[in-house]
Amino acid sequence: MKINIAESNADFMQEIPFAFTTTAEAIGAVADDYAFVGPLTVEGHIVHTGSCWRAEGVIRCTKSFVCDRCLAPCQEEQEHPFSEEFRRTGEMAEDEEVNRFDGDLIDITELVRDTVLAAQPLSKLCKPDCKGLCPVCGADLNQGDCGCDRFVPDPRMAALQELLAKNKK
Ligand SMILES: [Zn+2]
Ligand SMILES: [Zn+2]
């Protein structure tokens, strides 16, 4: 995903639009416990602000995963806005963490991949208040209560009770 900025090198604040369609695998946005399916699109523009080049836009993708609590297969449409600054190699920058590029091509592949991966929450839920599965019978508690007694005694108390029971013998 390279954007040629040669034509507006001298033109401050001129927006150079860009649009890419790719896949998550193609840019290395892969993880062990979920996947992105279908096309991944990136739309936005690059603008020369005078001190640097700023790439702004939005990434759209579809995440496929299994809910951590109820194990239901899920698909989620996602939108990730981004705004990042680039500087030519060798140009002065107060912030050394800034993205670098050579010549007239700004490659946003790494930026897109990092943005998408960093935006994923640690827990994957079909909905924020997913009730999960009954630990006794395995019923999906989102569908209603199964009526099981799900009271789990404190394991430390259970161990103590076992010990007391043994001593009585
Ligand atoms: Zn769920
Ligand atoms: Zn149950």
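Author: This is a predicted model. Cys 146 is partly exposed, at a relative accessible area of 32%.

Reader: Why is Cys 146 called partly exposed?

Author: Buried means under 20% and exposed over 50%. The value for Cys 146 is 32%, which lies in between, so the residue is called partly exposed.

Reader: What makes Cys 134 buried?

Author: Its relative accessible area is 3%. The cut-off is under 20%, so Cys 134 counts as buried.

Reader: How do you know which atoms coordinate the zinc ion (ligand 2)?

Author: Donors are N, O and S atoms within 2.8 Å of the metal. The SG atoms of Cys 134, Cys 137, Cys 146 and Cys 148 lie at 2.2 to 2.3 Å, so they count as donors. Along the chain their spacing is C-x2-C-x8-C-x1-C.

Reader: What do Cys 134 and Cys 146 tie together?

Author: Both lie in the loop between helix H1 (109-118) and helix H2 (155-168), so the pair ties together parts that are 12 residues apart in sequence.

Reader: Why is the site of the zinc ion (ligand 2) called tetrahedral?

Author: Four donors count as tetrahedral if all angles lie between 85 and 135 degrees. Here the angles among the four donor atoms are 105 to 112°, so the site is tetrahedral. The ideal angle for four tetrahedral donors is 109.5 degrees.

Reader: What makes Thr 41 partly exposed?

Author: Thr 41, in strand E3 (residues 35-48), has a relative accessible area of 24%. That falls between the 20% and 50% limits, so Thr 41 is partly exposed.

Methods
Residues are numbered from 1 along each chain as its sequence is written. Chains are lettered from A and ligands numbered from 1 in the order in which they are written. This is a predicted model: local features need pLDDT of at least 70, side-chain atom pairs count only at pLDDT 80 or more; totals for chains, interfaces and linings use all residues. Side-chain values use heavy atoms; hydrogens and water are left out. Donors are N, O and S atoms within 2.8 Å of the metal (3.2 Å for Na, K and Ca); water is not among the atoms, so sites may look incomplete. Four donors count as tetrahedral if all angles lie between 85 and 135 degrees; four count as square planar and six as octahedral if opposite donors are over 155 degrees apart and all others between 65 and 115; anything else is irregular. Helices (H or I, at least four residues) and strands (E, at least two) are DSSP runs, numbered from the N terminus. Buried means under 20% relative accessible area, exposed over 50%, partly exposed in between (1.4 Å probe, protein chains only).
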